[in-house]
Amino acid sequence: MAKEQSRQIDKRQVALIAYLALGVAMILMTLVLAFTPETPATTQVTVVATRTLSPLVLTQQADYVTIGPAAHQGSGTGGGRGQHAEATPASTIESGTATPSGENHDTSH
Amino acid sequence: MAHIPLTRLIVLIHQVTNMQKAAAPNSIQQQRARQRRRQGLLSLAAFLILAGAWLVGYLNTGNQDALNGYVEEVLPQATRIESDSNGLFTGTITGDDGEPVVSGYAMVGVATGYGGPIAMLVGTDPAGTITAVSVVEHAETPNFFRQLERVRFYDQFTGTSYGDSLYLGEDIDGVSGATLSAEAVAQGIRQAVRGIASSAIDGAVIPPDNRPINFGAPEIVLLALFVVSFILHQLRSRPIIKKYGRWAVMATGVLVLGFILNKPFTLANVVSLLAGYWPDWRNNLYWFLLLGGILVVTSIQGKNPYCSWFCPFGATQEFLGSLTGAKPYQPRAIYSKLQWLQRGLSFTAIVLGLALRQPGATSYEPFGTLFNLEGSWPQWVLLVMVLFGSLVIYRPFCNYLCPLDPVVGYIGEVRRWVKNLWQKNRAARSTSGRLP
């Protein structure tokens, strides 16, 4: 009788240990997934900034009859530091100076 | 065999019994002293590991290289980007006369979210209108932070300007289930765009940063739960009122803190606190009330009001257990070892969170999985296990796996230690007062 009772207790304990072992495995897996470098903490999640075609290509494709001065250049409130006061027509961009974005950038931090 | 007189035998037995009685307290005292020494050493080792993790995390933060590549993304038209000492990036293109023309500006704004600082890089046109935003760095819980992208939260900022208020609930819509993160993103963007305006745009009129104090329904409910559970806990002479009151508090916790607000107390809150990532109190009063309330009430009352009363996840387990009459199961032979397992898990997560400065990643509790249906696949498995386990064992997650139980238990230990120290000092003072 006593042996049967102790066996039952053992079974319950084994079941509890197995249940908790699975729980611990899931917790460790959760931590591994959360701390892996693939998480958005280290990857860019920009949703607005998109690279367009290079200015060179855009200039070549442009319909010169309908294009007017670029609205944002020089039309801001007060004008920025080192900014030209007059609007620069998009159609007059020199092809030699326009480089695809992401190239020839001098980014000093 | 020599005959021993009966009286002599009785005296001998009496002497042996007395010796045993005298020896017993000694061995108990020795055991206790040994246990105290062991606990002291463990506490010291734990403290040193935590301090080391904190230092490692501190030394690894503030890496300027994190911006590499992002500035070009928010100033896509610029052919040349220059930065100044104020942290302003100026993008230029070459004009028709060969002179550089400003195509836009960019700056980083930082605000504290749920898991730590969120660094937002904002790109504007020369007039200060936002054209692009990018998350440079964050330490939020990944599953929650992804919600912002999913609901296109960032899109709301394009076309806005430094002159706009950019507050959640005013011109920006919040994100349910990720309020703290959304609030911090908005704050970071606000800081950056206004920084651009003050550094680069002549004559820019920047509105004052009049952030309203966020005190509404969530804060009122939380305060009410603390007060009601505190009062009910004192009602020892009225067990029926206490019993039904506790069930009402638990139901409110599940419904309001869990399903409606989805703002439970998690390990990420604790790690953020330790890492020094305290969010702006005006926008995040709830965060301070929750942590402050638990600390204050546990210190005063000696009982943790949150875990056993209004923790939505604990209450859910208890409700499920009440359906089947689940009883606590704490086998004496292994229970203390299992408690050390629970402490070990919690400690590991805290050390990782501090060392890697990612408090948001430490939250392995499946709270958000239940109340917001957000979580990684192991959290879903864990949730199902816990919900089924609750039908058999009383609060299985709270008793064996919750990382907050050891943390709150530690507050109780500190309280006991301070109380003992105070009582000893008082006794020593009264003894020395009696001496001539």
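Axes here are lines fitted to C-alpha atoms, for helices over the stretch in contact, and angles run from 0 to 180 degrees between N-to-C directions. The model is a predicted one.

Q: Is helix 10 of chain B oblique or parallel to helix 13 of chain B?
A: Let's start with the numbers: helix 10 (residues 312–324) and helix 13 (residues 377–389) of chain B pack at an angle of about 45°, and their axes are 8 Å apart. Angles under 35 degrees count as roughly parallel, and 65 to 115 as roughly perpendicular. The angle of about 45° therefore makes helix 10 of chain B, relative to helix 13 of chain B, oblique.

Q: How many residues of the contact of helix 10 of chain B with helix 13 of chain B are nonpolar?
A: Helix 10 of chain B brings B:Phe313, B:Thr316, B:Gln317 and B:Leu320 to the contact, while helix 13 of chain B brings B:Leu383, B:Val386 and B:Leu387. Two of the contact residues are polar and none is charged, and the nonpolar ones number five.

Q: Which strands stand at the edges of the open sheet in chain B?
A: Five strands make up this antiparallel sheet, in the order 1-2-3-4-5. From one strand to the next, the twist averages 25°. Two strands have a single partner strand each, so one side of each is left without a neighbour in the sheet: strand 1 (80–83) and strand 5 (130–137) of chain B.

Notes. Residues numbered from 1 in each chain as written. Chains lettered and ligands numbered in written order. Predicted model: local features only at pLDDT ≥ 70, side-chain atom pairs only at ≥ 80, totals over all residues. Heavy atoms only, no water. Helix = DSSP H or I, 4+ residues; strand = E, 2+ residues; numbered from the N terminus. Parallel < 35°, antiparallel > 145°, perpendicular 65-115°, else oblique. Contact = heavy atoms within 4.5 Å. Nonpolar A, V, L, I, M, F, W, Y, C, P; charged D, E, K, R; others polar. Pairing = 2+ DSSP bridges.
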